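User: I would like to learn how to read a model like this one. Please take me through it feature by feature.

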Amino acid sequence: MAAPTPPLDQLGRPPGVLRLSLTARCNLACPYCCPDSHDPPELLTQAERLRLVGAAAELGFSRLRLTGGEPLLHMGLEELVAALRPLRGARDGSGSSGLSEIALTTNGVLLSAERARELRAAGLDRITVSLDGTDGASVARMAGLAGGAMAGEAVLEKVLRALDHASGAGFDPARGALKLNAVIARGRNEDQLLLLAELARQRGIELRLIEFMDVGNRNGWQPDLVLPAAEMVRRIGAYWPLEPLGRQAHGTASRWRYRDGGGHLAVVASISAPFCGDCDRLRITADGVAYTCLFASSGLDLKPWLRSPSAAGESLSGAMRSLWGRRHDRYSEERAEEHSSGTVTIQRSHAEMAYLGG
Ligand code: SAM
Ligand code: SF4
């Protein structure tokens, strides 16, 4: 069956990526993220998650990213990935709607060999592991660990083993099925830039360096804590020369190739070079609230459509279609415009990162 026409938002942007958060809790406490210690009271059930993803896929959200908080804390993760199989789009060019990709963003601490194999067998396509340092002290600092360098060393070992488990289970970094995310904050872990690049190069994994973003209200973000992506590229390129590959339409990362054949590097410049113009992402929290922007202060609670559709008077996919149709968010561009004109008035309250899922 041919897919219905995808809705366009107020700026002409089509739907693309659905980021579904499975929990707001985390087993780490990265100070740039500040996760909650509790989940919101009304978590979605597995059946509700499946209905949401199904409705989103019908609208044209073809790529699903499972996130959190820490999504591996959700013990039904493997079951959820397997249950999403029927939503896979036909890959026969018939134009039917469906999911083309299911990915996971995780800190990796709980990614055992067995879970990596189970996730692969269930149909997960890609894993991005987050790691912000290469030694115990920097990992402890960036992950908010109370136990200092020794605790950081223990987490680092688990995350490095997680990378081995993921590639052993078939998430092949050479095909982009395994990537590494690192948030870089000036004065906090900028000394880790070259070391992280070296670690990723040795393992043949693409490293994605993320500018510290002003998400949430409690991470102490200040403009001078942002190390601009261009500066990150300059520092790494001075050591291992790089050539630009650009940013794919609707993507968040600008990619670079190491000239010596050492693989790829990517930077996410949400602060210094915003990419709102072709943003195709919708975020749904673990309790079913849909946010049309990472920097939004409020979202639309979809539970009424999930739990008592007749009372809500409209179908779930109808509600999601109208939400997307009303969307006009371009917060990062507005922030950049205000900063460059010296008229900074944006001081909105934002939802927290671990609740939104990044
Ligand atoms: N716990 C998982 C993890 O850390 O990968 C998934 C959730 S986490 C919120 C998703 C991504 O957001 C991670 O790569 C994390 O580093 C990134 N992140 C969190 N807070 C951030 C911030 N203030 N600025 C930039 N990236 C941030
Ligand atoms: Fe947890 Fe990920 Fe937030 Fe770090 S970035 S506290 S690992 S949710």
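Analyst: Start with the idea of a shell: a residue is near a molecule or strand if one of its heavy atoms lies within 4 Å of it. This is a predicted model, where local features need pLDDT of at least 70, side-chain atom pairs count only at pLDDT 80 or more, and totals for chains, interfaces and linings use all residues. Residues are numbered from 1 along each chain as its sequence is written, chains are lettered from A and ligands numbered from 1 in the order in which they are written, and side-chain values use heavy atoms, with hydrogens and water left out.

User: How many residues surround ligand 1, and which are the closest?

Analyst: Ligand 1 is surrounded by 18 residues. The closest are Tyr 32, Gly 69, Ser 130, Asn 181 and Met 213.

User: Which backbone atoms lie by a nitrogen atom of ligand 1?

Analyst: First the term. A polar contact is a pair of N or O atoms within 3.5 Å; within protein, one must be able to donate a hydrogen and the other to accept it, and residues adjacent in sequence count only if both atoms are side-chain atoms. Now the case. A polar backbone atom of Tyr 32 is 2.9 Å from a nitrogen atom of ligand 1. For Gly 69, a polar backbone atom is 3.0 Å from a nitrogen atom of the ligand. Met 213 brings a backbone N or O atom to 2.9 Å from a nitrogen atom of ligand 1. The protein covers 95% of the 540 Å² of accessible area that ligand 1 has on its own. Such areas come from the Shrake-Rupley method with a 1.4 Å probe; for residues, only the protein chains shown count as cover.

User: Which elements give two or more residues to that shell?

Analyst: Helices (H or I, at least four residues) and strands (E, at least two) are DSSP runs, numbered from the N terminus. Here the elements are β3 (101-106), β5 (178-184) and β6.

User: How do the shells of the two ligands divide by class?

Analyst: Ala, Val, Leu, Ile, Met, Phe, Trp, Tyr, Cys and Pro count as nonpolar, Asp, Glu, Lys and Arg as charged, and the others, Gly among them, as polar. The shell of ligand 1 has 7 nonpolar, 9 polar and 2 charged residues. Around ligand 2 there are 6 nonpolar, 2 polar and no charged residues. The residues around ligand 2 are Cys 26, Leu 28, Cys 30, Tyr 32, Cys 33, Pro 35, Gly 69 and Asn 107.

User: Now the sheet. In what order do the strands run?

Analyst: Two strands pair if DSSP finds at least two bridges between them. The 12 strands form an open sheet with mixed pairing, in the order β7-β8-β9-β6-β5-β4-β3-β2-β1-β10-β11-β12. β7 and β12 (300-301) are the edge strands, each pairing on one side only.

User: Why is strand β9 largely enclosed?

Analyst: Buried means under 20% relative accessible area, exposed over 50%, partly exposed in between (1.4 Å probe, protein chains only). In β9 (residues 264-268), 4 of the 5 residues are buried, so the rest of the structure largely encloses the strand. On one side, β6 (residues 206-211) pairs with β9 in the parallel sense over 4 bridges. Leu 209 stands opposite Val 267 there. Strand β8 (residues 254-258) runs antiparallel to β9, joined by 4 bridges. Trp 256 faces Leu 265 across that pair. The β8 and β9 hairpin has 5 residues between the strands, and Gly 261 takes a positive phi near 85 degrees.

User: Which residues have a positive phi without being a glycine?

Analyst: Cys 34 is one, with a phi of about 55 degrees. Cys 34 sits in the loop between β1 (17-21) and α1 (46-59), and is buried at 17% relative accessible area. His 250 is another, at about 70 degrees. The loop between β7 (242-247) and β8 holds His 250, which counts as partly exposed at 29%.

User: What does the side chain of Thr 105 contact?

Analyst: The Thr 105 side chain makes a polar contact of 2.8 Å with the side chain of Arg 65. Thr 105 is in strand β3 and is buried, at 12% relative accessibility. β3 pairs in parallel with β2 (residues 63-67) over 4 bridges, where Arg 63 stands opposite Glu 101.

User: Finally, how compact is the protein chain?

Analyst: The chain has 12 helices and 12 strands. Its radius of gyration is 20 Å, close to the 21 Å of the globule rule for 358 residues, so the chain is as compact as a globular protein of that length. The radius is taken over C-alpha atoms; the rule is 2.2 Å times the number of residues to the power 0.38. Of the 358 residues, 53% count as buried.
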